[in-house]
Amino acid sequence: MIDFSDLKNHKNLLGFSGGADSTALFFLMLKADVYFDMAIVDYQIRKQSYFEVLYAQELAEKYNKKLYIYKSEKIISDFENHARMVRYEFFETLIKRYDYNHLILGHHLNDRLEWFLMQMIKGSGLNTILGFERVEKRDGYKIIRPMLELCKAEILEIVKPYKFFEDSSNQDINFLRNKIRHYYANSLINENKQGILNTFKYLQKEKNRIYHQEILQLADIFYFEKKQELENIHSIDIILKQMGYVLSFKQREEIVKQKYSLILAKKYIIDCNTDFIFVSIQNEECAMPKDFRDEARRLLVPRRLRAKIFFLLKQGILKKNQIIFKKS
């Protein structure tokens, strides 16, 4: 049913929740003899989360899996966005600490269509509206979504013999995603699954032909040649995803409004010169000598990036002759 060959002979970490999707993926990979461990986040919002963690512990013990549990501080506002940030930060910490190759997630075709419809309502381009892909490269690992061609109804058939939990908040149609799921996405998938699947495949091919920007790297600074707006935002989006951060629609607009020069989420530097756009993680501000500031201007180092470059030079991570930030 699903090709797991790209997961064999690798260290895989499954993002587990106890819901139907991650439970189905757990047992599918188990049957396919894929090596994996598990990670679960308890957001301490629902009473049910205690039992979801307990279920994860039972599965880990029964099937000899390592299980990592993180208890998040309670999220007060914008739960979905902040929960995603907490989740990915936890997963990335584990991946780097224990050398996992892949993060395995249980997204499926209904999820992709829901995202598509949400972005269409907001107003989005091809890059944004397609959302997540089966394989996404991140900084030092890959995210893999093996069930992206399965619909929710097929997943529910897979988990019939097993225990799983249904998040009661998924029924609250005050949330846009739930409203789209309830009124539109589920019925569209049930009636037109193959056509929708084919459309995503065609659009993905077109996206790959349109967006083919080369991303360069110098230490932990990523940069690319400045082109048209859609290509620029696409490249910034890819780089930030590799760093574990997902841009919102408003942030995309703000990046363009600020002409690719801002500090995003109090952490990420985005800046540009005449030829390139740069993305990196911000260092603490430090005093830079005048001769360095003058040299940085001569080398076309963007203002927001100068403290970062100075830090890397001081640490011996970079050499001055590597700083070539203009087209030859």
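By class, 4 nonpolar, 2 polar and 1 charged residues make up the lining of the largest cavity, where Ala, Val, Leu, Ile, Met, Phe, Trp, Tyr, Cys and Pro count as nonpolar, Asp, Glu, Lys and Arg as charged, and the others, Gly among them, as polar. This is a predicted model, in which local features need pLDDT of at least 70 and side-chain atom pairs count only at pLDDT 80 or more, while totals for chains, interfaces and linings use all residues. Residues are numbered from 1 along each chain as its sequence is written, and side-chain values use heavy atoms, with hydrogens and water left out.

**The cavity**
- The residues that line the largest cavity are Asn-81, Arg-84, Met-85, Tyr-88, Gly-244, Tyr-245 and Val-246, lining residues being those with an atom within 4 Å of a point on a 1 Å grid where a 1.4 Å probe fits but cannot get out.
- The largest cavity holds about 40 Å³ of space, a volume being the space filled by probe spheres set on the points, which are joined across faces, edges and corners.

**Helix α1**
- Among the buried residues of α1 are Leu-25, Phe-26 and Phe-27.
- Just after α1, Asp-33 takes a positive phi of about 60°.

**Lys-241**
- Lys-241 lies in helix α8 (residues 229-242) and counts as buried because its relative accessibility is 17%.
- Leaving out residues up to four places away in sequence, Lys-241 touches Gly-131, Glu-136 and Arg-138, contact meaning heavy atoms within 4.5 Å.

Notes. On a 1 Å grid over the protein atoms alone, a cavity is a set of points where a 1.4 Å probe fits but cannot get out, and a pocket is an open set with protein on both sides within 12 Å along at least five of seven lines; lining residues have an atom within 4 Å of a point. Buried means under 20% relative accessible area, exposed over 50%, partly exposed in between (1.4 Å probe, protein chains only). Helices (H or I, at least four residues) and strands (E, at least two) are DSSP runs, numbered from the N terminus.
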